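Let's take a walk through this protein together, starting with the overall picture and then turning to some of its details. Keep the structure open beside you as you read.

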Amino acid sequence: MSKLSIQKTSNQPVVTSTPVAAGNKTSSQKASGSGSKVKRSHHFFAKYRRLAAYAGVQLSQQTGLDQLPLSQRLQRRLRMQQERQQLNLERIIALSADYAPEQVGDTEVDPDWFHHYCELALNIANPSMQQLWAKILACEIAAPGQFSLKTLYMLKQMSHKEALALQQAASLCCRSSEGSGRIYFGVLRRPSLFQLLTGRGKALLNLSQYKLSYPDILSLMDTGLLHHDEIESGELAKGDSIQLSIQQQRLQCTARHNGLVLQYYKFSPLGDELLPLLNIQPQPHYLEALQQLLSNHFDVNRFRATEDGTSSSD
């Protein structure tokens, strides 16, 4: 259990420099220790009572529990739970109107899909997660079939912390001609005699500098949003070109050497489904670092992606 930080107050007694024998405490020290325990106790029980009330448990100062029969206490808890669930669902559906797109197809939402959606949304209470679920419904109304039931069930198990990690990972997402979301972090040059002797030929980015820690990456792998392994591209020969799209920018990269390999984390199909829903904050420092990393082995031209899908030079 974490310790609480107790702030000093202006009327705190002054401690003199009189030495105290080991095991013997002055009255002021005892009072200070007792006061800290009282404050910690108050803080704990305040949180404890809030959770008990949320669970529909009414506490009595004398016995710890109220005196209603067990069956009535059960009915009270179930009623409160159902009211919270109804409120969650109503909030999410109301929020979805805020994300109505301009173009909407004629196909109706699958009623079975909507039934599962409602059942899962009942227990989504975090405001940020409610917004995410509202966006899903709005997208599904506009073009049914975008989000699978598997994605909904995975999202139901996702914590708010994991959702924040996904949003951070999305801010580093690149797309190649293959279309899948990737987070590039390294360039390898397949060993020649020179590399074997010098140990050179490998360059990596520290993604934690861009607020995506290794524990976050492992968490996204565990939830099935990232593939479980670091992935290497096929070898690129001298003169081969690749194009990466990131943050409304395009990097056209032409290999200067043979045997070049890119290292990256790849979003799973589930992760790719969720990426368009996220409010992605640009990471210009990551973009600059990635361009510098690639420039060690590639000729890199950077373009700005325009709204019509073409590119213009920066």
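The protein's secondary structure comprises 10 helices and 9 strands. Please keep in mind that this is a predicted model. The chain has 314 residues, and 34% of them are buried. Its accessible surface is about 19800 Å², with carbon and sulfur atoms contributing 52% of that area.

Now let's look inside. The largest nonpolar core contains 67 residues, and the members that touch the most others are Tyr117, Tyr286, Leu294 and Phe298.

Next, a pair of helices. In general, two packed helices are described by the angle and the distance between their axes. Here, helix α4 spans residues 127-142 and helix α5 spans residues 149-157; their axes come within 12 Å and cross at roughly 170°. Angles over 145 degrees count as roughly antiparallel, and α4 and α5 are therefore roughly antiparallel to each other.

Which residues make the contact? On the α4 side they are Met129, Leu132, Trp133 and Ile136, while α5 brings Leu152, Leu155 and Lys156. Sorted by class, this contact of α4 with α5 has 6 nonpolar residues, 1 charged residue and no polar ones.

Conventions:
Residues numbered from 1 in each chain as written. Predicted model: local features only at pLDDT ≥ 70, side-chain atom pairs only at ≥ 80, totals over all residues. Heavy atoms only, no water. Axes fitted to C-alpha atoms, helices over the stretch in contact; angles between N-to-C directions. Helix = DSSP H or I, 4+ residues; strand = E, 2+ residues; numbered from the N terminus. Parallel < 35°, antiparallel > 145°, perpendicular 65-115°, else oblique. Contact = heavy atoms within 4.5 Å. Nonpolar A, V, L, I, M, F, W, Y, C, P; charged D, E, K, R; others polar. Buried < 20%, exposed > 50% of the residue type's maximum accessible area, 1.4 Å probe, protein only. Areas by Shrake-Rupley, 256 points an atom, 1.4 Å probe, with all protein chains shown as cover. Core = buried A, V, L, I, M, F, W, Y, C linked by side-chain atoms within 4.5 Å.
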